[in-house]
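This report describes selected packing contacts and surface features of one protein model. The sequence and the coordinates come before the text.

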Amino acid sequence: MSYNRSNIGSGSRNVGRNRFEFGRTCVVRPRGTHQATIVWLHGIGEMGSSWTRFLESLPLPNIKWICPTAPTRPVALFGGLPCTSWFNVEDMSDNATDDVEGLDASATHIANMLSNERDDIKLGVAGFSMGSAMALYCATCRVLGQYGNGNRYPINLSLAVALSGWLPCSRILRSRVQASQEAARRAASLPILLCHGQVDDVIEYKHGEKSAETLHSAGFQNLVFHTYNRLGHYTIPEEVNDVCCWLVATMRLDGY
């Protein structure tokens with residue numbers, strides 16, 4: 001495959017309302033000149049505050065991090081047990097039904113937060129586990145120019161980062177991108193970083209690998225896929241360093 005893969009040991013933008021009840025949002029302010037804003041999306045059962053200390057520790061002084069909390073809802077994967085979740089998940093099989101309503105509701109909430117940023121600020125989405133899936137869904141909405149329900153997607157995303165996750169609505173992505181010249185153009189240029197551990201026992205490595213393959217086949221040419229031999233369902237310093245370096249290079253940030 002030709003995608004880049006490394007195997008390693010403001011304005012006012014118009015957005016819609018939302019009927020889902022989202023939790024508390026935490027913000028990690030930039031320590032330097034504000035050049036970029038990235039929404040960081042937590043995993044299932046977590047909160048926005050779960051990642052603030054991690055984000056504060058990153059050597060990225062010019063990024064503002066917005067850390068929302070997903071709604072608490074029953075999750076079919078857990079037998080209907082309520083927990084914080086960006087959308088409902090039945091199972092991780094290829095035949096599972098995608099919760100487009102839930103995905104669109106969370107994508108709208110994320111767009112609402114980014115709509116408050118100045119026009120000169122670069123915008124991104126990133127996440128871990130289910131948050132990674134949500135970030136990739138936002139990226140596909142940006143490329144297609146619309147949510148899954150057909151409503152216009154209003155945010156000009158500069159990039160997406162997905163750690164230990166998967167790609168929702170993957171079965172129809174290629175046909176939808178190829179049906180529009182504008183979508184194909186956006187797909188070819190949007191930078192996306194995927195990272196996945198080969199011994200992940202929660203979101204198996206095959207899901208990350210298939211997500212990268214699906215994105216590439218759909219025309220996402222500016223895609224980097226890092227894999228890590230001994231990484232499970234967590235982060236390690238090597239992966240964090242790769243993410244930081246990629247963000248600085250992709251967003252042309254100062255001070256790293």
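## Helix packing

In this predicted model, helices α2 and α3 pack at an angle of about 80 degrees, and their axes are 10 Å apart. The two helices are therefore roughly perpendicular to each other, since angles of 65 to 115 degrees count as such. On the α2 side, the contact is made by Val100, Leu103, Asp104, Ser106, Ala107 and Ile110. On the α3 side, Met134, Tyr137 and Cys138 take part. By class, the residues of this contact divide into 7 nonpolar, 1 polar and 1 charged.

Helix α3 (residues 130–144) also packs with helix α5 (residues 181–189), at an angle of about 135 degrees and with the axes 7 Å apart. α3 and α5 are therefore oblique to each other. From α3, the contact uses Arg142, Val143 and Leu144, while α5 contributes Ala183, Arg186 and Ala187. The residues in the contact of α3 with α5 comprise 4 nonpolar and 2 charged, with no polar residue.

The two packing pairs are set out below.

| Helix pair | Angle | Axes apart |
|---|---|---|
| α2 and α3 | about 80 degrees | 10 Å |
| α3 and α5 | about 135 degrees | 7 Å |

## Salt bridges

How many salt bridges does a search of the whole structure find? The search finds 7. Lys64 lies in strand β4 (residues 63–67), whereas Glu117 lies in the loop between α2 (100–114) and β7 (122–128), so the pair ties together parts that are 53 residues apart in sequence.

## Nonpolar surface

Which residues make the nonpolar surface patch of about 270 Å²? Leu77, Phe78 and Leu81 make this patch. Of these residues, Leu81 lies in strand β6, which covers residues 81–84.

Notes:
Residues numbered from 1 in each chain as written. Predicted model: local features only at pLDDT ≥ 70, side-chain atom pairs only at ≥ 80, totals over all residues. Heavy atoms only, no water. Axes fitted to C-alpha atoms, helices over the stretch in contact; angles between N-to-C directions. Helix = DSSP H or I, 4+ residues; strand = E, 2+ residues; numbered from the N terminus. Parallel < 35°, antiparallel > 145°, perpendicular 65-115°, else oblique. Contact = heavy atoms within 4.5 Å. Nonpolar A, V, L, I, M, F, W, Y, C, P; charged D, E, K, R; others polar. Patch = residues over 30% accessible without salt bridge, like charges linked within 9 Å, V, L, I, M, F, W, Y side chains within 5 Å. Areas by Shrake-Rupley, 256 points an atom, 1.4 Å probe, with all protein chains shown as cover. Salt bridge = Lys/Arg side-chain N within 4 Å of Asp/Glu carboxyl O.
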